[in-house]
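Subject: Structure for your attention

Dear colleague,

Please find below the structure that I am handing over to you. I would be grateful if you would look at it before reading the notes that come after it.

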Amino acid sequence: MSADNLGSSGSGPRRYCRAAAKSGHAQCDRALLRLHRSRMSMMTKESAQRYVGGCLCGALRYEATGEPLYAGHCYCADCRKASGAGFVPFMGFASSAVRVSGQTRAFRSKSAKGTDAVRNFCPTCSSLVLGGEVGKDAEITIYAGSLDDPSSFRPTIAIFTRGRPAWAVIPPQLKMFETTPS
Ligand SMILES: [Zn+2]
Ligand SMILES: [Zn+2]
């Protein structure tokens with residue numbers, strides 16, 4: 001039995017390439033390149049950002065993959081009422097990038113544009129977790145306070161800044177919009 005069969009002849013690709021090092025064996029080079037590429041693509045998949053979170057009791061959970069389309073703070077009066085806080089931190093994703101598990105209880109109100117604004121709560125613990133019609137709308141909004149790791153939230157914009165109370169302070173690095181960017 002050769003050392004190779006025992007798996008003791010050194011680490012991975014080098015074993016294949018002893019011949020390549022000596023002779024410039026093209027087949028070995030190509031095999032190495034393939035190995036390298038497959039490892040790189042695995043690493044890329046593993047390092048894709050995931051945003052995971054849910055409600056206070058744990059019954060309503062979500063997972064979003066990739067980077068958000070937009071991220072910011074909303075200072076509108078409806079978000080203030082719905083959350084009981086000075087603003088709601090949000091991240092927008094294509095709904096295809098978001099997986100939701102557990103029941104949601106939706107509340108609909110008219111948005112500034114006159115369309116339905118849908119806010120989703122956990123029916124058990126009443127946490128405010130998601131925006132948008134789950135399973136219907138093209139985009140879903142995740143409220144960043146519900147993230148398991150809230151430090152991963154990187155807001156860039158502040159919307160509906162007009163009419164906010166003085167104590168609802170806007171971080172200086174956020175780009176401000178009296179209503180929305182569009
Ligand atoms: Zn809950
Ligand atoms: Zn709002």
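This is a predicted model: local features need pLDDT of at least 70, side-chain atom pairs count only at pLDDT 80 or more; totals for chains, interfaces and linings use all residues.

Residues are numbered from 1 along each chain as its sequence is written, and chains are lettered from A and ligands numbered from 1 in the order in which they are written.

Two terms are needed at the outset. Helices (H or I, at least four residues) and strands (E, at least two) are DSSP runs, numbered from the N terminus. Two strands are said to pair if DSSP finds at least two bridges between them. In general, the strands of a sheet pair through backbone hydrogen bonds, either parallel or antiparallel.

Eight strands form an open sheet with mixed pairing, and their order is 6-7-8-9-4-3-10-11. Strand 6 and strand 11 (175-176) are the edge strands, each of which pairs on one side only. Within the sheet, strand 4 (residues 88-94) and strand 9 (residues 139-143) run antiparallel and are joined by five bridges. Met91 has Ile142 in strand 9 as its bridge partner.

The hairpins

Strand 6 (residues 105-110) pairs with strand 7 (residues 116-121) in the antiparallel sense over six bridges. Here Ala106 stands opposite Asn120 in strand 7. The hairpin of these two strands has five residues between them, and Gly114 in this hairpin takes a positive phi near 90 degrees.

Strand 7 also pairs with strand 8 (residues 128-131), again in the antiparallel sense, over three bridges. Phe121 is found opposite Leu128 in strand 8. Six residues lie between strand 7 and strand 8 in their hairpin.

Two residues with positive phi

Ser126 is not a glycine, yet has a positive phi of about 70 degrees. Ser126 is placed in the loop between strand 7 and strand 8. Is Ser126 buried or exposed? A residue is buried if 20 or more other C-beta atoms lie within 10 Å of its own, exposed if 12 or fewer, and partly exposed in between, with C-beta atoms placed from the backbone. Ser126 counts as exposed because it has 12 C-beta neighbours inside 10 Å.

Phe160, also not a glycine, has a positive phi of about 50 degrees. Phe160 is in the loop between strand 10 (157-159) and strand 11. Phe160 has 21 C-beta neighbours inside 10 Å and therefore counts as buried.

Yours sincerely
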